[in-house]
Amino acid sequence: MKYPFACALLLSLPGVALAQGSMTEEEKEQVMKLEGAQQDAFLQFDIDNDGKISEMEAQRNQMLHQSFGDLDRDGNAHLSAEEFSEWDPMDSLRDATP
Ligand SMILES: [Ca+2]
Ligand SMILES: [Ca+2]
């Protein structure tokens, strides 16, 4: 009865199994890259370099423009880096798909 015991042990430690099984060094690197890419994107949208994205600047990307109102939490018509970091392009895609 060695085998069922091993299974139960694995099931009781999902966090360990997940950390070891699903997150390879390569994947970690990709997550880092994604986070870096979002920073790059912010800089690309911030044309006048004032550290925030105006609605005019957001208009360059239809998906960002669509989410602009939601992302602008304090309603100052600008997205700070923090507000921009909440943007999930996939979210806009889901909303746009009936
Ligand atoms: Ca700007
Ligand atoms: Ca804002």
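A residue counts as buried here if 20 or more other C-beta atoms lie within 10 Å of its own, as exposed if 12 or fewer do, and as partly exposed in between, with C-beta atoms placed from the backbone. Helices (H or I, at least four residues) and strands (E, at least two) are DSSP runs, numbered from the N terminus. This is a predicted model, so local features need pLDDT of at least 70 and side-chain atom pairs count only at pLDDT 80 or more, while totals for chains, interfaces and linings use all residues. Residues are numbered from 1 along each chain as its sequence is written, with chains lettered from A and ligands numbered from 1 in the order in which they are written.

View 1. Look along residues 62–71 and you'll find L64, S67 and F68 buried. They sit on the same side of α5 because they cover an arc of only 150° around the axis (taken from the directions from the helix axis to the C-beta atoms). Exposed Q62 and G69 are on the face turned away from that buried side.

**View 2. The largest nonpolar core.** Seven residues make it up: I53, A58, L64, F68, L79, F84 and W87. A nonpolar core is a set of buried Ala, Val, Leu, Ile, Met, Phe, Trp, Tyr and Cys residues joined through C-beta atoms within 7 Å.

**View 3. Around F84.** Setting aside neighbours within four places in sequence, F84 is in contact with F42, I53, L71 and L79 (contact means backbone-placed C-beta atoms within 7 Å).

**View 4. N49, a non-glycine with positive phi.** Its phi is about 60°. N49 is in the loop between α3 (25–45) and β1 (52–54), and counts as exposed because it has 7 C-beta neighbours inside 10 Å.

Definitions and conventions. Contact = placed C-beta atoms within 7 Å.
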